[in-house]
Structure formats: structure tokens, C-alpha cells
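Have a go at each task before you read its solution.

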Amino acid sequence: MRRIVLALLAAVVFSTAASAQNYPSRPITIIVPFSAGGPSDVMARVLAERMKVALGEAVLIENVTGAGGSIGVGRAVRSPPDGYTISFGHLGTHVANGAIYKLSYDLVADLEPVVLLPSNTMIVVSKNAVPAKSLGELLAWLKARPAPAAAGTAGAGSGSHIAGLYFESITGIRLQYVPYRGTGPAMNDLVAGQIDLIVDQLSNSINQVRAGTIRGYAVTDAKRAESAADIPTADEAGLPGFHMTLWSGMWVPKGTPKAIVTKLNAAAVEALNDPSVRKQLENLGLQMPPKDQLTPQALGDWQKAEIAKWWPMIKAANVRVD
């Protein structure tokens, strides 16, 4: 019996090794848990186009929206651990959702980290009908309103929602959140004047700010963004300490062979080091992670540290969706 068990184990190990060696042999799918056209979708498509060169197979994007991205992440978690399904996400989907939703999966235990991706500073933006011309004037306008302003988000637990909660905690101003299936649709309604403001990713808002269809007040970083050098930081605009960047990453289902994770990491790092890719991402206002942070281990450590940082604030705000 012992020989049979050992033989079966050897067969499994050999099969797994052979599978990893031949990987990939068919198209790979990146599940983006937000709508097409939003900042996460744009970044994923830029990276996918370049990763296919390194991997030798097509890398497809599947948008699976809903519940602040938790539905799309769940789809990836339940996929076979063979490297053909990648979970693309960020601070909202792979950190905050664990404190907000009653998930059927564990964000750390059920996923294998692949690579930390560029981060996006947030920016406070409003519809043009808002009379404020500066962040100080915006804060005064919000405080003077008889009812909370309507703030668009990509759903509970999304980056825009977390940023809104952080904004509330620092200013003491209450907002009325309006959830969408992504910040792309939220931006459409902001431009149309259907909502009042968004604490949004810079990459999603900067072109509209430049076009004059919305108003930008401040970025949530300690320094000005190179792609929006004319927009002050929150510190400069009178809201010190309002710092937040929305980092992104890639994960695969738990149990994916290490050799496959290594291949995916190498393809993503190669894409991030490509000058044309870097230019596209930097033009979107994205900040590249340090080179020593481009390992699976670095993403795993960072995700755990962010859970420790953000979960207490989210739970204190009593944000829960069951």
C-alpha cells in the first residue's frame, strides 16, 4: 500500500512539473472585477498586451462586476489553480472587502500573490456646478449643505469608497455614497452633473480635469503627481495628512504551482520594465513600485500590512454588507 501511495504522489508531482514546464499552452484570462473603461481595466489591458509577448499566448481581459469587486475576485478564487486565471485587483478588492463583505473566500489564504503593480494617487473632484474653486472652498460648501453631498463610488469596499471614508474621518463631513459598478460609470454621471463629487483615482479623472468637464482640487499624496503638477497636494490645499494611494496587484488561485507563479511574475515585470508600457502607465498618473518590491513575497507582505492598517478604520465606520 505504501508503494502505491508513493507511486501516486510521484505521478502527481511529475504531472504538475510537466504542466508547469509546458505552461502556457492556451490563452490566459485576467479577471478585472470592475467595468470596462475604468482605471483598473485600462491598466490591466496595457499590461496584458505586453505580457502576451513574454508568455507566447493571448492574455484576455474578462470584466466581472458587482459588490465592490468581490464577485470577480470570487470567480478567480474558484478557478482551477493552473495559471490560466489571474485575479487583478487593488486595495479595495484584496484588502477592504474582507472587512466589508461576508466573503466565501479568504483574501490571503485562498490566493497566491504574483506581483505588485503601479499605484494611483487619489484626487478630489467635483462636478462643475459646484461653486468651490479650491479645496478649502469645497470643504466649506460641503459643511454648509443641509444634506450630505452625493459621492460616487465603485461600490462598498472600492478604492473610491475607502477614500471617501478616509475623507469623512479627517474632515468630519458626512457624504451620501452612490455606488456604481465601476468608477468609469461614476465618472460619466459626475460629468453629467448627476452626482456631486468623487474621491477618485487620478488616472480615471485627470483627462476630464484637463478637458474642463469636472473640477480637480487636490491629490492625496505627499508630493504632486508628475502627470498633474498643477494640482496641489491635500497638504498644500489645507487638508494635512490626507494621504492615500490605491495600489494594484495580480494574484492566482491558491495551489497554483510555484513555477507558474514565477513565469507570470517574470512576464509582468518584463511588461513593467518596457519603456512604452511605463510611458503609458505614467501618462495615466500611475506610480511604479520600487524594483525590489516586484516579487510575489513583497505583494503578500504588503497585502497583510494593508489589512492591518485599513480594517480597523473600516470596521469602526461600521461599513458592512452581508
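Predicted model: local features only at pLDDT ≥ 70, side-chain atom pairs only at ≥ 80, totals over all residues.

## Exercise 1: One tyrosine

Solution, step by step:

1. Now look for its place in the fold: Tyr-166 belongs to helix α6, which covers residues 159–171.
2. Next come the contacts, setting aside neighbours within four places in sequence. Tyr-166 touches Gly-241, Phe-242, His-243 and Met-244, and also Trp-310 and Met-313.
3. Ala-140 is 26 residues from Tyr-166 in sequence, and their C-alpha atoms are 18 Å apart in space.

## Exercise 2: The space inside

Work out how many cavities of 30 Å³ or more there are, and describe the lining of the largest cavity.

Solution, step by step:

1. Start with the idea: rolling a probe the size of a water molecule over the atoms shows where empty space is left.
2. The count is one cavity of 30 Å³ or more, and the largest cavity holds about 100 Å³ of space.
3. It is lined by 17 residues, and those closest to its centre are Phe-34, Pro-39, His-90, Thr-183 and Gln-201.
4. Helices α2 (39–55), α6 and α7 (183–191) each give two or more residues to this lining. The largest share, three residues, is from α2.
5. Sort the lining by class, and you get eleven polar, five nonpolar and one charged residues.

Methods: Residues numbered from 1 in each chain as written. Heavy atoms only, no water. Helix = DSSP H or I, 4+ residues; strand = E, 2+ residues; numbered from the N terminus. Contact = heavy atoms within 4.5 Å. 1 Å grid on protein atoms, 1.4 Å probe; cavity = no way out; pocket = protein on both sides within 12 Å on 5 of 7 lines; lining within 4 Å. Points joined across faces, edges and corners; volume = space filled by probe spheres on them. Nonpolar A, V, L, I, M, F, W, Y, C, P; charged D, E, K, R; others polar.
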